[in-house]
Amino acid sequence: MRLLISGFAIAVFSGAYLVTAQPPPPPGQPAQPPQPMSFFVTSAGGGNGANLGGLAGADRICQTRATAAGRGDKTWHAYLSASAANGQPAVNARDRIGPGPWYNAKGARIAQSVADLHGDTLEQARRGNNIQKPTALNEKGETINGVGDTPNRHDMLTGSQLDGTAFTDGQDHTCSNWTSNAATGSAQLGHHDRTGGGNVSWNSTHPSRGCGQENLVATGGAGLFYCFAIN
């Protein structure tokens, strides 16, 4: 059984894992080239609120932006969950992003594995992943605005619970599985800067106040989301 402790553990230990670059090599050893990018935050959303064209459309956005950044050699998926609907089972974000490890555009490691990313064990939760404002860069290697910046864009679409799984309560947490830009509905959001919203979760902090672009902006976002290379 997965331990849903990520938010608590990160809150306690968040100051202990700021990693913005690869560690230096041992004395006498040559520096290793930085790892190529395998994780980023989209520099812009799909432009239509939370209507991303479903999971397939969101994946295309990730692939297109990665290709423009010179990383089209990899297959990219959006970190998004989807609810069970129309006879199709739920989809968990954690199950669609590959095994890891993942690195940002500057070569800083984000997480070693899916379990490491989500803090599935006490040790992994204590150590924490490395998603935070200095490291959750977009595909261009740029920092994303967070709390204290104008405009604040720290809300990340995920539709996920803390452990990276889809909600099973029958409520809409995915803006109709990423096909709605209505003023109604809702999407679960995380905070890439781990600030605000009552907890410090990167992937499950609070719901949006609707699915339209204006609704997403109103809660401190812009329809951005995480992309991971799956291979």
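This is a predicted model: local features need pLDDT of at least 70, side-chain atom pairs count only at pLDDT 80 or more; totals for chains, interfaces and linings use all residues.
**Entry 1: the Cys-62 link.** I started with the disulfide between Cys-62 and Cys-227, where the S to S distance is 2.0 Å. I take a disulfide as a pair of cysteine sulfur atoms within 2.5 Å. The link ties together distant parts of the chain: Cys-62 sits in helix α2 (residues 54-68) and Cys-227 in strand β8 (residues 221-229), 165 residues apart. Helices and strands here are DSSP runs numbered from the N terminus (H or I with at least four residues for helices, E with at least two for strands). I looked up the torsion about the S-S bond of Cys-62 and Cys-227 and got about -80°, so this disulfide is left-handed. I also checked burial, and both Cys-62 and Cys-227 are buried. Buried means under 20% relative accessible area, exposed means over 50%, and partly exposed is in between (1.4 Å probe, protein chains only).

**Entry 2: ground rules.** Residues are numbered from 1 along each chain as its sequence is written, and side-chain values use heavy atoms, with hydrogens and water left out.

**Entry 3: the other link.** With -95° about the S-S bond, the link of Cys-175 and Cys-211 is left-handed. This pair also joins distant parts of the chain, with Cys-175 in helix α5 (residues 175-178) and Cys-211 in the loop between β7 (206-207) and α6 (213-218), 36 residues apart. Cys-175 counts as buried because its relative accessibility is 0%. I found a relative accessible area of 0% for Cys-211, which is therefore buried. With the bonded cysteines numbered in sequence order, I read the pairing as 1-4, 2-3.

**Entry 4: helix α2.** Back to the helix that carries Cys-62. I counted 15 residues in α2 and a reach of 22 Å from its first C-alpha to its last, close to the 21 Å expected at 1.5 Å a residue. The expected span is 1.5 Å times one less than the number of residues. Its buried residues are Gly-54, Leu-55, Gly-57, Ala-58, Asp-59, Ile-61, Cys-62 and Ala-66. What covers them includes β1 (39-41), β2, α5 and β8. After α2 comes Gly-70, with a positive phi near 85°.

**Entry 5: nonpolar cores.** Which residues have the most contacts inside the largest nonpolar core? I got Leu-52, Trp-76, Leu-80, Leu-157, Trp-178 and Phe-225, in a core of 23 residues. A nonpolar core is a set of buried Ala, Val, Leu, Ile, Met, Phe, Trp, Tyr and Cys residues joined through side-chain atoms within 4.5 Å. The elements giving two or more residues to this core are α2, β2 (76-78), α5 and β8, and the largest share, five residues, comes from α2. I then followed Leu-52, leaving aside its neighbours within four places in sequence: its contacts (heavy atoms within 4.5 Å) include Ile-61, Leu-80, Leu-157, Trp-178 and Phe-225. Apart from this core lies another of 19 residues, among them Phe-39, Ile-97, Ala-136 and Tyr-226.

**Entry 6: whole chain.** I counted six helices and eight strands. Along the sequence they follow α-β-α-β-β-β-α-α-β-α-β-β-α-β. Buried residues make up 51% of the 231 residues. Among contacts between residues at least 6 apart in sequence, 67% join residues at least 24 apart.
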